[in-house]
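Let's take a walk through this fold, one piece at a time. Have the model open as you read.

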Amino acid sequence: MLTTCLLALSACTNASGSAASPTSGSSNATFDPASLTADETLASQVPEAIKSKGTLVIGSDTTYAPAEFLGGADNRTPMGYGVDLAKAIGATLDLKVDVQTAEFTGILPALGPKYDLGISSFSITKERLEAVNFVSYLNAGTTWAVQKGNPRNFSPDDVCGKSVGVQTGTTQEDPDLRNRNDECVKAGKQPIDVVTLKNQTDVTTRLVNGSIDAMIAESTLIGYAIQQTNGAVEKAGGVYNTSPVGIAVPKHDTALAELLQKVVAKLIADGTYQRILDSWNNSDGAITKPEVNPAVQS
């Protein structure tokens, strides 16, 4: 999904959207923090400013299913694997969690004064690392999907002349498909029939209905689309152009970042992390070792 991954971009895309389809699908039960027991050793390391209020305040642009979005009976309850991870962190540290909906561009500048953490599908980039600390918790990239059984025998290695759906404004549209299309034209082949739509929901619907041959999107969205369509679509090929996604922590608070790294490592070790990703059909992005400020390419 990477274009330039500036601070203003959500994850590594400049368009956010749900991968849910109007086709019926499971409604994920939100994570129950009561299923975890606080870790006294880790909880004792919580900064006093956070411990005194007893709540971890988290800024999140809740428009990016399945990571962070509003759902539930009232359609106003924060949900997603990012939200579930936040709840698990809070439970481990014996803290309540308050996930506050925020404009994506306003989260990082407000870390410290307003938010203790930012959990909003932030791809970790060199530019962002200059402004905040990050604790990695996921890998996300690009992948393809086709109708179940791949009835049209589509291959990501042979896209010339094919109809491909993509969400407008994503890096899957540009530069990925743009570069592929240029190669098709240079080789004297049929250009790609690129179908760009504002919402990922609509792209998924087109694929389910058979009006396009395939779709391309961020790997987390593809996994969720498969779940929400009850398997009416499936992956075609693996994930590529992956980059780490992280929890944002105020730049001055390295100790908090190091504590969160320990918490996420514990959640990985005890299986909580895997259960959360599995419930949102996003285990492909799982990592085995969270890092504070990991090295990134761009």
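Start with an open sheet of three strands, ordered E2-E3-E4 and paired in antiparallel fashion; strands here are DSSP E runs of at least two residues, helices are H or I runs of at least four, and both are numbered from the N terminus. Two strands pair if DSSP finds at least two bridges between them. At the edges sit E2 (63-64) and E4 (77-79), each pairing on one side only. E3 (residues 68-71) and E4 run antiparallel and are joined by three bridges, and Gly 71 has Thr 77 in E4 as its bridge partner.

A quick word on the ground rules: this is a predicted model, where local features need pLDDT of at least 70, side-chain atom pairs count only at pLDDT 80 or more, and totals for chains, interfaces and linings use all residues. Residues are numbered from 1 along each chain as its sequence is written, and side-chain values use heavy atoms, with hydrogens and water left out.

Now for the eight-stranded sheet, also open, which has mixed pairing and the order E5-E1-E6-E11-E7-E10-E8-E9. E5 (96-101) and E9 (193-197) stand at its edges with a single partner strand each, so one side of each has no neighbour in the sheet. From one strand to the next, the twist averages 25°. Helix H3 (residues 81-92) packs on this sheet, touching E1, E5, E6, E7 and E11 (contact means heavy atoms within 4.5 Å). H3's direction makes about 150° with that of E5; axes are lines fitted to C-alpha atoms, for helices over the stretch in contact, and angles run from 0 to 180 degrees between N-to-C directions. Helix H7 (residues 200-209) packs on the sheet too, touching E7, E8, E9, E10 and E11, and its direction makes about 150° with that of E10. As for E8 (residues 163-167) and E10 (residues 214-218), they run parallel and are joined by two bridges, with Val 164 opposite Ala 214.

What joins Cys 160 to Cys 184? A disulfide does, with 2.0 Å from S to S, inside the cut-off of cysteine sulfur atoms within 2.5 Å. The link is left-handed, with -90° about the S-S bond. Cys 160 lies in the loop between E7 and E8 and Cys 184 in helix H6 (residues 172-186), 24 residues apart. Both cysteines are buried, meaning under 20% relative accessible area with a 1.4 Å probe, protein chains only (exposed is over 50%, partly exposed in between).
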